[in-house]
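Dear colleague,

Please find the structure below, handed over for your files. My findings follow directly after it.

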Amino acid sequence: MNMRRRMVFSFLILALFFSQSKLWAWGPVGHEVVALIADSRLSPDAKNQIAAILGSNGNLEEIANCADWIKHAKQDVSCGNFTLPPMPETASWHFVDIPINSQDPSGAIASACGPDGQCSIDQIESHLQILSDSSSSLEQRQQALMFVTHLVGDLHQPLHNATEILPDGTSDRGGNLKKMSFESGGKATNLHALWDDLIEPASEAKDMDPESLAQTLEGEISDQDAVIWSQASLADMALEGYEIAQNQIYPDYHAPGGDVVTSSYEDQMRPIVDERLEKAGVRLAALLNKTFKPIPVLVPSPSILGSANQKLPKIEKLLIPALGRAW
Ligand SMILES: [Zn+2]
């Protein structure tokens, strides 16, 4: 192959790689994959209560991306079986920007969220409370479930948990201001967008859809992983992503040539991306299983059956433990 043909060939391979790769990670398909993994791990009680919120044919996948749509919408958007108004004021709910190289990353979470809870961690927490509050309206529950489903996915994108403070004191907005370019004169991007949308090799993309990717990732999750991952707090989840950003993503960017995207970058980051999506799905299910606890069932106590020496109440509540782990 002569030089000119080789260059054209290389450009076509890279163009295919990056156009296909837009489908994955934390773009629309990535959020659907997280929802699909969670859907398959819901307890019967959670499934029943989610069906009451989304309709009997509803599922987490169909509401997984609505939170991104309403950030930029100019008019009402359709989300599963319900409609949402534009909500540009919710843009800060999608991340918690912990400054990299922070002396006290956990302590930095509080200041990143601010007193009004304008961050992913606080918003997931408050929307879970809406879901567990029996006085919440159907509309409040629909919005709360929609936000929790999406924001738990965002909480597992490392650049939604970290930012770099620039010499002038401003933030690089989670890598949004870190310019990058693709090899062989490809289009410009930035570090954050790369992690949002551009992590998937063309060699696999042709066979993939959200269901098959979710199934592949689901097959890699051991029972033991699921138990351990489900014990993480929301802050733990954010700090995991922060550490990936601090120890790998930002140092790689600042290394010589780190602002040029190559296919080896994908090879290097792919295992991290896969595990973040797996953890997000497992943890979303665990959060919902814990939130949608079984409704207490009243049953007669043994005292009714004649055990005279026992001072038991005549009716006891029988609570069937939720499948989700303690949080
Ligand atoms: Zn988002």
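The axes of helix α2 (residues 28-39) and helix α7 (138-154) cross at roughly 110 degrees and come within 9 Å of each other; axes are lines fitted to C-alpha atoms, for helices over the stretch in contact, and angles run from 0 to 180 degrees between N-to-C directions. α2 is therefore roughly perpendicular to α7, a term that covers 65 to 115 degrees. Gly30, His31, Val34 and Ala35 of α2 meet Thr149, His150, Val152 and Gly153 of α7, where contact requires C-beta atoms, placed from the backbone, within 7 Å. Helices are DSSP runs (H or I, at least four residues), numbered from the N terminus.

This is a predicted model, in which local features need pLDDT of at least 70 and side-chain atom pairs count only at pLDDT 80 or more, while totals for chains, interfaces and linings use all residues. Residues are numbered from 1 along each chain as its sequence is written.

In helix α3 (residues 44-54), Ala46, Gln49, Ile50, Ile53 and Leu54 are buried (20 or more other C-beta atoms within 10 Å of a residue's own). Seen down the axis of α3, these residues fall within an arc of 125 degrees, so they line one face of the helix; the arc is that of the directions from the helix axis to the C-beta atoms. They pack against α7 and α13. Glycine 55, which follows α3, has a positive phi, near 95 degrees.

Alanine 238 touches Val96, Ile98, Ile109, Ile121, Leu155 and Asn161, leaving aside residues up to four places away in sequence.

Notes:
Two residues are in contact if their C-beta atoms, placed from the backbone, lie within 7 Å. A residue is buried if 20 or more other C-beta atoms lie within 10 Å of its own, exposed if 12 or fewer, and partly exposed in between; C-beta atoms are placed from the backbone. Helices (H or I, at least four residues) and strands (E, at least two) are DSSP runs, numbered from the N terminus. Angles under 35 degrees count as roughly parallel, over 145 as roughly antiparallel, 65 to 115 as roughly perpendicular and the rest as oblique.
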